[in-house]
Amino acid sequence: MKYNVRGENIEVTPALRDYAEKKISKLERYFTEVPDTNVYVNLKVYNDKTTKVEVTIPLPNLMLRAEEVNEDMYAGIDLIADKLERQIRKHKTKVNRKLREKGSTKEMFVNVTAGPKEEEDEKEENEIEIVRTKRFDLKPMDSEEAILQMNLLGHNFFVFTDVETNKPAVVYRRKDGKYGLIETN
């Protein structure tokens, strides 16, 4: 894995870079073959002295991503490593099963001895259940109208047909209170 560590409003010191690489490299033990991929680590410091750590690991069959806001940058990196590890543990059986179904003889993740936490994660994975299905027509509208509709319904997201592209799109409310738009190709 190659690491791309960058900072916003912070100088990335060699000690900080080494700490982030060391913590995230511990995830390599979950892979049967360490992927040749770029790991993107973004470190931010805000005016109120809080920090944000974002890590993105694009893999061939999976995208691992986590972010954490914390007072301490090093504590944020620790929490990110834990989050990514939980994601891998939670999804490894699913990803390996899909690879086998596609006819691949190689699994992406190794089976690490499961402790109580891993067994709990696996139980959660098996308990995924769709409890409600909704069907509706996608109305053509622009993103501003979709945001208004979303707010009227009191939802966190809204699916609609973009009037300009005539393709499905999604608007959503971000954690910072602003809005995001997901467009399809």
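Contact is defined here as heavy atoms within 4.5 Å. The structure is a predicted model, in which local features need pLDDT of at least 70 and side-chain atom pairs count only at pLDDT 80 or more, while totals for chains, interfaces and linings use all residues. Residues are numbered from 1 along each chain as its sequence is written, and side-chain values use heavy atoms, with hydrogens and water left out. Helices (H or I, at least four residues) and strands (E, at least two) are DSSP runs numbered from the N terminus. Residues are called buried under 20% relative accessible area, exposed over 50%, and partly exposed in between (1.4 Å probe, protein chains only).

In helix α4 (residues 143-153), the buried residues are Ala 146, Ile 147 and Met 150. Viewed down the axis of α4, these buried residues fall within an arc of 100°, so they line one face of the helix; the arc is that of the directions from the helix axis to the C-beta atoms. Glu 144, Leu 148 and Leu 152 are exposed and sit on the face of α4 turned away from its buried side. Just after α4, Gly 154 adopts a positive phi of about 75°.

Positive phi also occurs at residues other than glycine. Asn 166, in the loop between β6 and β7, has a phi of about 60° and counts as exposed at 61% relative accessibility. Lys 49 has a phi near 70° and is placed in the loop between β2 and β3. With a relative accessibility of 62%, Lys 49 is likewise exposed.

Four strands form an open sheet in the order β1-β2-β3-β4, with mixed pairing; two strands pair if DSSP finds at least two bridges between them. Strands β1 (2-8) and β4 (63-70) are at the edges and have a single partner strand each, so one side of each lacks a neighbour in the sheet. On average, neighbouring strands of this sheet are turned by 10° against each other, direction ignored. Axes are lines fitted to C-alpha atoms, for helices over the stretch in contact, and angles run from 0 to 180 degrees between N-to-C directions. Strands β2 (residues 38-45) and β3 (residues 51-58) run antiparallel and are joined by six bridges. Within this pair, Asn 42 is opposite Glu 54 in β3. Helix α1 (residues 14-25) packs on the sheet and touches β1, β2 and β3, its direction making about 135° with that of β1.

Salt bridges were assigned where a side-chain nitrogen of Lys or Arg lies within 4 Å of a carboxyl oxygen of Asp or Glu. The count by this rule is 11. One of them joins Glu 67 to Lys 52, with the closest N and O atoms 3.5 Å apart. This pair links distant parts of the chain, since Glu 67 belongs to strand β4 and Lys 52 to strand β3, 15 residues apart. Glu 67 is partly exposed at 28% relative accessibility, whereas Lys 52 is buried at 12%. Glu 67 also meets Arg 65 in a salt bridge (3.0 Å, N to O), and Arg 65 is partly exposed at 37%. In helix α2 (residues 73-101), Arg 89 and Glu 85 lie four residues apart, about one turn of the helix. Their salt bridge has its closest N and O atoms 3.7 Å apart, and both residues are buried. Elsewhere, salt bridges with shared partners join Lys 44, Lys 52, Glu 54, Arg 65 and Glu 67 into one network.
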